[in-house]
Amino acid sequence: MKDLISIDQLGRAGIERILARANEVSQVASREVQKVPALRGRLVANLFYEASTRTTSSFELAAKRLSADVITLRASGSSVEKGESLKDTITTLSAYSPAAIVLRHPCAGAAALVAGWTDAAVINAGDGAHAHPTQALLDVHTLVNRIGDLTGKRIWIVGDIAHSRVARSSAVAFGLMGARVTLCGPPTLLPPGIGAALGCETSTSLERLGEADVVYGLRMQLERMEGVAIPSLREYSSYYMIDSGRLSSNQLVMHPGPVNRGVEISGAVVDGPHSLISEQVASGVAIRMAVLFELLAGGDVSKQHHETVMA
Ligand code: NCD
């Protein structure tokens, strides 16, 4: 596998392989020197055309912990602002012979396009509303590490399903791991046919939220909405906000971040005992190390590879 564009490429076996690798490499974080030499002398280029906190920082950290050289370009502050095209930016970066390009872009399909222009491994760090495979992997990693086997577990993904690449990727990944996923949101943010396309149930109300083992909140992607998809954020919150009153004590809560407290999820829930949000952030580094290793240093979790990673 040269590139990671969407979660479907991996299937259950691929997801499990990366999860196992992530568990191995996460041990690096507990060492005094948090580094292994696996990617020494290789270059990872992060190219971000959209805002990002967690994804950029965790890819940077992951590459550094594997001893790669790292450059991070953001559209703002780079020659993209001077009108340079995506193609020319990739050509420029390619002159440095990167082993991997990590790309976030507002257009669905951008990562697949770039993969055809470069010999570097391309990792999709979010392309429009299409896919965000490393988020899906870290979500599954977080949940499996907390509750074990996901077979038969019920996961409700609540919020702006229409514009969410996280919903698309994570719903598929949870489904591949045996969970039963329900996509929930206002009718205007729940595209017709999406349940069937992703193998999920759908709901336009939180009435049956009590059946969920895990409630996964999504941000309103206002930057991707054309026209008015909801009457107001206040109205959205009154029907769909995940707050303590709507949760029972045994339900877990996830969210990819960034959180808009008091809109899709209450601050008390974010900081409360149900929340796996910090675990998701921590998993992000281990998963991105595992993905970089998978694409750049070979796939199998064998003893030989174990030695290479952990040396
Ligand atoms: C998400 C994204 O960019 O798709 N953030 C992330 O990567 N953790 C979700 C969002 O922006 O709401």
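Q: Which residues are around the ligand in this predicted model?
A: The model is predicted.

Q: How far is an N or O atom in the side chain of R219 from an oxygen atom of the ligand?
A: A polar contact is a pair of N or O atoms within 3.5 Å. The T55 side chain has such an atom 3.0 Å from a ligand oxygen. For H132 the distance is 2.8 Å. For R219 it is 2.7 Å.

Q: What share of the ligand's exposed area does the protein bury?
A: The ligand sits in the largest pocket. Taken alone, the ligand exposes 320 Å². Of that, the protein buries 94%.

Q: Why does the ligand lie between domain 1 and domain 2?
A: The domain assignment gives domain 1 (7-132 + 284-309) and domain 2 (133-279). The ligand lies between them because its shell takes residues from both domain 1 and domain 2.

Q: How many residues does the contact take from domain 1 and from domain 2?
A: The C-alpha centres of domain 1 and domain 2 lie 25 Å apart. Contact means heavy atoms within 4.5 Å. The contact takes 31 residues from domain 1 and 27 residues from domain 2.

Key:
Residues numbered from 1 in each chain as written. Predicted model: local features only at pLDDT ≥ 70, side-chain atom pairs only at ≥ 80, totals over all residues. Heavy atoms only, no water. Polar contact = N/O pair within 3.5 Å; in protein donor to acceptor, adjacent residues only side chain to side chain. Areas by Shrake-Rupley, 256 points an atom, 1.4 Å probe, with all protein chains shown as cover. 1 Å grid on protein atoms, 1.4 Å probe; cavity = no way out; pocket = protein on both sides within 12 Å on 5 of 7 lines; lining within 4 Å. Sits in = over half its atoms within 2 Å of the grid points. Domains from an automatic or database assignment.
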